Number of protein chains: 2
Amino acid sequence: VSTKRDPVVVLAPDSFKGSLGASDLCVALEQGVRRVWPQATIRARPMADGGEGTLDAVLAAVGAAATRRTQRVRGAAGRGLDAAFGVIDRDGARTAVIEVAQIVGITDDAGMAVDVEERTTTGVGELIRALLDEGVERFMIGLGGSSTNDGGAGMLNALGLDLVAQDDRPVAPTPRGLANLARVDASKLDARLSRASMTIMSDVSNPLTGPRGATAVFGPQKGVQPDSVSTIDAALARFAHLAEHALARRVSAEPGAGAAGGLGFALQLLGARFASGAEVVAELIALDHALQGADWAITGEGRSDAQTLSGKAPFVVAAHGKRVHVPVSLLSGAIDAGALEAFAMHFAGCFALPAGPMTLEACIADASRLVADRAEQMARLFGAASG
Amino acid sequence: VSTKRDPVVVLAPDSFKGSLGASDLCVALEQGVRRVWPQATIRARPMADGGEGTLDAVLAAVGAAATRRTQRVRGAAGRGLDAAFGVIDRDGARTAVIEVAQIVGITDDAGMAVDVEERTTTGVGELIRALLDEGVERFMIGLGGSSTNDGGAGMLNALGLDLVAQDDRPVAPTPRGLANLARVDASKLDARLSRASMTIMSDVSNPLTGPRGATAVFGPQKGVQPDSVSTIDAALARFAHLAEHALARRVSAEPGAGAAGGLGFALQLLGARFASGAEVVAELIALDHALQGADWAITGEGRSDAQTLSGKAPFVVAAHGKRVHVPVSLLSGAIDAGALEAFAMHFAGCFALPAGPMTLEACIADASRLVADRAEQMARLFGAASG
């Protein structure tokens, strides 16, 4: 319809959880957009929010400078697994991209097979130590999707923090083990950590303990029994108190300390700074560069609601688009009607997958085609309006 | 988003059958569009296709020059009813707008209570006669939604065509009565008909009889039993043969003769010309005038599929928009994915009601809000692209 040159379109969706990954979504979106503008310049930048899919999104965007690798570490149940992670070599510096869900993921059956009170984040510490060994000094750590609730004790333990019982014997770095914790000794903590830069990718703002803490809020979905919440919460509080004392730093009440069963606490104790997962991903994939000079962008996610505006990937894409005056439209699996009014300030139109009455199952089964069809229709309207 | 003046938007949807009328749709669409452009110039032109809703659409668009009236005539079962119709007084000429469904409608319980073989279109003839009495010379007749299958014998009979049995007694102008038809006498046919201009609004192209005829194709949904199809079809064929002979005109094989159980035949026999229902409505509501100088138009219908391009209201709106270079977008309750490729040539984007997985019932129950929400989002995208 447009008589102008074919446009430059940025495609930056988050994954549709349980349906399509962000890279597959970019393929489907491009297919739809090209039906309208075969010669369009498409800049596909799969997004993520620090959770599941973050590693893939970053690796896809960074290209040759990034390597996908695996490392043998312990999973949540203590058994070995090959955990995937990424290393970006850029400007002489090495940055590791870690998804803790690749090590202690809630979708890992072996880890989920043992009681949550026996699960540990030891493997996360093992991976960090191995990367320090090869000179990595910058860590981007996504906290989404963990199965653990150990306050990050396992990670700290693997990095040299000694956890000791009243009888001077080491305690297991698990919720159950921490119940017997008497002393914490930081004298053997890996000294290289002080030179490392660590960024936590997470949108969780809960503190470590208390009624809004990790155990009370996220524990139940990991298997914490209702009558165990207060016991575990008390054990984490005691562990935090001792660990903070040993490292002379107080972070347990900081927002995000309760992320990933308390890994947010342990990483902050090591000096990690919290950052919006989607913002970090946007930086890693050079989203701003892609938006520069673009005519239009499409973002999206499985389901958009009021939470979307709390730093989820589509919100971050919209905010970055706004800065450079690129309109960003939303195409999600579903959009909560109650959020549309708030969305109006951010998105140049919000659209959903179904082309009529349709079940969730049908949407998921046919997601790729539906995405292409919707993107095509959005592009037709965009083209007609700008033509 | 746009920095230009607020746009001129034409809203010309057909009704969403079983959910929202075209006028209500215009209200909901306007609500959504005004959330984006409070000062937009909105030209609401509810559309129709000659079927249900045609009278309302025309009366709404024509305004003060049109009057909604009722006339006591016989319904399909022969019992009296007050049939609604419209009269437009313009340029010294009077045009009647008639929906046959208001007289012999398939939604009229009294008419449906008697067997289809006893139903008659006598009331349609009575209304035309009454209008001729008051000087109306132009008739726009919508044929959608009839319950009758009498070949239009009832209408012709009321207008003076005598239907006679072998024993010289009159036969009833019903499928059952026509089985005994021996002669047709046109000598007392209302002479004023020859001066009247009659336009049939219908998209049906079936002939009167045969395997694609009224009885075989539309009879069953009106209650014709499978084993009666051939008997009734033969009676209509015989009636048509005699009536054509009496009026010295052959129209039974014409496309559309099978519309409204053969009313299409009877009206053509009186010289009526067939026209696309939506095209006639577009003319009556002065759609072209509304589109002149507009920036954008939205049309729609309950469900869009390949049939939409066979002259349905949204297609007609798109075609008229194209002539004056106004992009026309489609917003329907549901859109058949298989039709999207063909729609691409006609519509500036096709959108459906649901904002996520949703049942048909939920769509219908919440149609007004969904329409406003979708129109708003379409307008946001349009504004961003044109701004």
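Reply: Let's start with helix α13 of chain A, residues 313-323: its buried residues (under 20% relative accessible area with a 1.4 Å probe, protein chains only) are A:A313, A:P314, A:V316, A:V317, A:A318, A:H320 and A:G321. Keep in mind that this is a predicted model, where local features need pLDDT of at least 70, side-chain atom pairs count only at pLDDT 80 or more, and totals for chains, interfaces and linings use all residues, while side-chain values use heavy atoms, without hydrogens or water. Residues are numbered from 1 along each chain as its sequence is written, with chains lettered from A and ligands numbered from 1 in the order written.

So what covers the buried residues of α13(A)? The cover, by contact (heavy atoms within 4.5 Å), includes helices α11 (277-284) and α12 (287-291) plus strands β11 (296-299) and β13 (328-332), all in chain A. Helices here are DSSP runs of H or I with at least four residues, strands are E runs of at least two, and both are numbered from the N terminus. Just past α13(A), A:H325 has a positive phi of about 60 degrees.

For reference, take α5 of chain A, residues 122-133. α5(A) is mostly covered, with nine of its 12 residues buried. Those are A:T122, A:G123, A:V124, A:G125, A:L127, A:I128, A:A130, A:L131 and A:L132.

Methods
Buried < 20%, exposed > 50% of the residue type's maximum accessible area, 1.4 Å probe, protein only.
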